[in-house]
Amino acid sequence: MKEVLEFNNKKQCGLWLMLISLVLIVSAVCGGQFLVNPFIFLAGYYACFFGVNVNKKVRAKLSQGPISKFQIKMIYISIAALFLLMFCIAGPFIPGWHWRKIWLGVLLATAIHFLLWFFVHGWNMVVLSVVCIIITVVGYAVPDISIFVICILDAIAKLICGIYLFFMSKPSKFVAKSY
């Protein structure tokens, strides 16, 4: 028996990535004492989330086919994983207000959670995850690189992936062989 995953919602993911990358850039530019402005980031994140992912008209217009129950389950699992990862990676630095480590933790948690999005959008998300993990690890390893630069690089990676998914990528399938 073979499991088949259809990746029919790449345009929606592409739009989301393009918008969230712009939110991250604006938040970094307006960072101030927080390094990345959390108020701008959260307002932009939720506006984009509801505008793209919750808005049924947008979803219907961008969808190029059905999504399976398994994929819907993976969406919820990945969102839960994102918050769990943020709590574990960035959370320990919140009491001391170590903003650099908080934001690196948020970026790393986000990058890791993209791995789960393979089941919804395909291999593109694995590539994006690896690129964003590398960017964030460099941020941890080289403290002389400002969080502004790390955020801009992360946002550029998301923007490029979003542009690819929205404008160039086509629906695809993944067939998992069972033995």
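Author: Leucine 35 sits in the loop that runs between H1 and H2; helices are DSSP runs of H or I with at least four residues, strands are runs of E with at least two, and both are numbered from the N terminus. The model is predicted, so local features need pLDDT of at least 70 and side-chain atom pairs count only at pLDDT 80 or more, while totals for chains, interfaces and linings use all residues. Residues are numbered from 1 along each chain as its sequence is written, and side-chain values use heavy atoms, with hydrogens and water left out.

The phi angle of leucine 35 is near 70 degrees, a positive value in a residue other than glycine. Leucine 35 counts as partly exposed because its relative accessible area is 32%; buried means under 20%, exposed over 50% and partly exposed in between, with a 1.4 Å probe and protein chains only. A second residue other than glycine with positive phi is tryptophan 97, where the angle is near 55 degrees. Tryptophan 97 belongs to the loop between H4 and H5 and is exposed, since its relative accessible area is 53%.

The largest nonpolar core has 42 residues, of which Trp16, Leu17, Leu24, Trp103, Met125, Leu128 and Cys151 touch the most other members. Such a core is a set of buried Ala, Val, Leu, Ile, Met, Phe, Trp, Tyr and Cys residues joined through side-chain atoms within 4.5 Å. Two or more residues of this core come from each of H1, H2, H4, H5, H7 and H8, and H5 gives the largest share, nine residues. In soluble globular proteins, nonpolar side chains tend to be buried together.

Cysteine 151 is in contact with Leu24, Ala28, Val36 and Leu107, leaving aside residues up to four places away in sequence; contact means heavy atoms within 4.5 Å. Leu107 is also touched by threonine 136, together with Leu104 and Leu108, again not counting residues up to four places away. Threonine 136 lies in helix H7, residues 123–141, and is buried because its relative accessibility is 0%.

The cysteines can be taken next. A search of the whole structure finds zero disulfides, a disulfide being a pair of cysteine sulfur atoms within 2.5 Å. For cysteine 132, the nearest cysteine sulfur is that of cysteine 161, 8.3 Å away. For cysteine 161, the nearest is that of cysteine 13, at 6.4 Å. Cysteine 132 is buried, since its relative accessibility is 0%, and cysteine 161 is buried at 9%.

Helix H7 also holds tryptophan 123, which counts as exposed because its relative accessibility is 52%. Beyond four places in sequence, tryptophan 123 touches Phe118 and Phe174.

Phenylalanine 7 is in turn one of the contacts of phenylalanine 119, the others being Leu5, Phe70, Gln71 and Met74, with residues up to four places away not counted. Phenylalanine 119 is in helix H6, residues 118–121, and is partly exposed because its relative accessible area is 27%. Between phenylalanine 119 and phenylalanine 166, 47 residues apart along the chain, the C-alpha separation is 18 Å.

Met74 is likewise touched by leucine 116, along with Ile77, Ser78 and Ala81, under that sequence limit of four places. Leucine 116 is in the loop between H5 and H6 and is partly exposed, since its relative accessibility is 24%. Its C-alpha is 9.8 Å from that of leucine 82, 34 residues away along the chain.

At least two lining residues come from each of helix H1 (10–29), helix H2 (38–54), helix H4 (69–89), helix H5 (99–113), H6 and helix H8 (147–168). H2 gives the most, eight residues. By class, the lining has 31 nonpolar, nine polar and three charged residues; Ala, Val, Leu, Ile, Met, Phe, Trp, Tyr, Cys and Pro count as nonpolar, Asp, Glu, Lys and Arg as charged, and the others, Gly among them, as polar.
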